[in-house]
Amino acid sequence: MKRGQSEIIGLVVVVLILVFALIFFVKIKSSDNEDESKLIRYNLRANSALNALMKVNTEYEDEKMQMKDLIEDCVLVYDSNPELPQKCNYAKTELEQHLDIIFDQSKKYNLIVSEGDDDIFSLGDGCKNSISAIPFYLRSNGKVELMICT
């Protein structure tokens, strides 16, 4: 009788250990998924923000154009004049206004407009750690990169 009770108690202890091990494993596995899903959400946010910025309609000298066209014109003008032209200053100001709206003026981003290996201008405070959007390539050998600080 005593031997049967001790075997049942031993079986219960083994089952409890297995249950706690399973709970621990599930908890560890779900926290990995949360980090991964957070990374995916940040990446989607960065890509969506950059694509939305490039499609923003703006008006430069009574001409309506999308932001990507304005930046492309800036890159073309910059090729012939390395000092920041008026069109580039206007594009920079417009981008900064829209980024401040998107990021609640926290400046937790870094946007770089470049042509080849030369940076034309950048916005934001820079980041130690960041999630990068896929660069937006322009027809004029320029590109726009957006990084969101994490």
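K87 forms a salt bridge with D73, the closest N and O atoms being 3.2 Å apart (a salt bridge is a side-chain nitrogen of Lys or Arg within 4 Å of a carboxyl oxygen of Asp or Glu). K87 lies in helix α3 (residues 86-102) and D73 in helix α2, so the pair ties together parts that are 14 residues apart in sequence. This is a predicted model, in which local features need pLDDT of at least 70 and side-chain atom pairs count only at pLDDT 80 or more, while totals for chains, interfaces and linings use all residues. Residues are numbered from 1 along each chain as its sequence is written, and side-chain values use heavy atoms, with hydrogens and water left out.

**Overall architecture**

- The protein chain contains 3 helices and 7 strands, where helices (H or I, at least four residues) and strands (E, at least two) are DSSP runs numbered from the N terminus.
- Along the sequence, these elements follow the pattern α-β-β-α-α-β-β-β-β-β.
- Of the 150 residues of the protein chain, 31% count as buried (buried means under 20% relative accessible area, exposed over 50%, and partly exposed in between, with a 1.4 Å probe and protein chains only).
- The accessible surface of the protein chain comes to about 10,100 Å², and 55% of it belongs to carbon and sulfur atoms; accessible areas come from the Shrake-Rupley method with a 1.4 Å probe, and for residues only the protein chains shown count as cover.
- Among contacts in the protein chain with a separation of 6 or more, 56% are accounted for by residues 24 or more positions apart (contact means heavy atoms within 4.5 Å).

**Salt bridges**

- A search of the whole structure finds 2 salt bridges.
- R139 forms a salt bridge with E72, with 3.1 Å between the closest N and O atoms.
- This pair links distant parts of the chain, since R139 is in the loop between β6 and β7 and E72 is in helix α2 (residues 67-80), 67 residues apart.
- R139 counts as exposed at 72% relative accessibility, whereas E72 counts as buried at 9%.

**The loop between β6 and β7**

- S140 is placed in the loop between β6 (136-137) and β7 (142-149), and S140 counts as buried at 11% relative accessibility.
- Leaving aside neighbours within four places in sequence, S140 is in contact with E72, V75, L76 and E115.
- N141 lies in the loop between β6 and β7 and is exposed, with a relative accessible area of 53%.
- N141 has a positive phi of about 70° although it is not a glycine.

- I8, L11, V12, V15, L16, V19, F20 and I23 form a nonpolar patch on the surface, with about 770 Å² of accessible area together.
- Patches are made of residues with over 30% relative accessible area and no salt bridge; like charges are joined within 9 Å, and nonpolar side chains (Val, Leu, Ile, Met, Phe, Trp, Tyr) within 5 Å.
- V12 has its place in helix α1 (residues 2-55) and is partly exposed, with a relative accessible area of 44%.
- E59, E61, D62 and E63 gather in a patch of negative charge on the surface.
- E61 lies in the loop between β1 (57-60) and β2 (63-66) and counts as exposed at 59% relative accessibility.
- E61 has a positive phi of about 50° although it is not a glycine.

Notes: Lys and Arg count as positive and Asp and Glu as negative; His and the chain ends are not counted. The place of a charge is taken as NZ of Lys, CZ of Arg, CG of Asp or CD of Glu.
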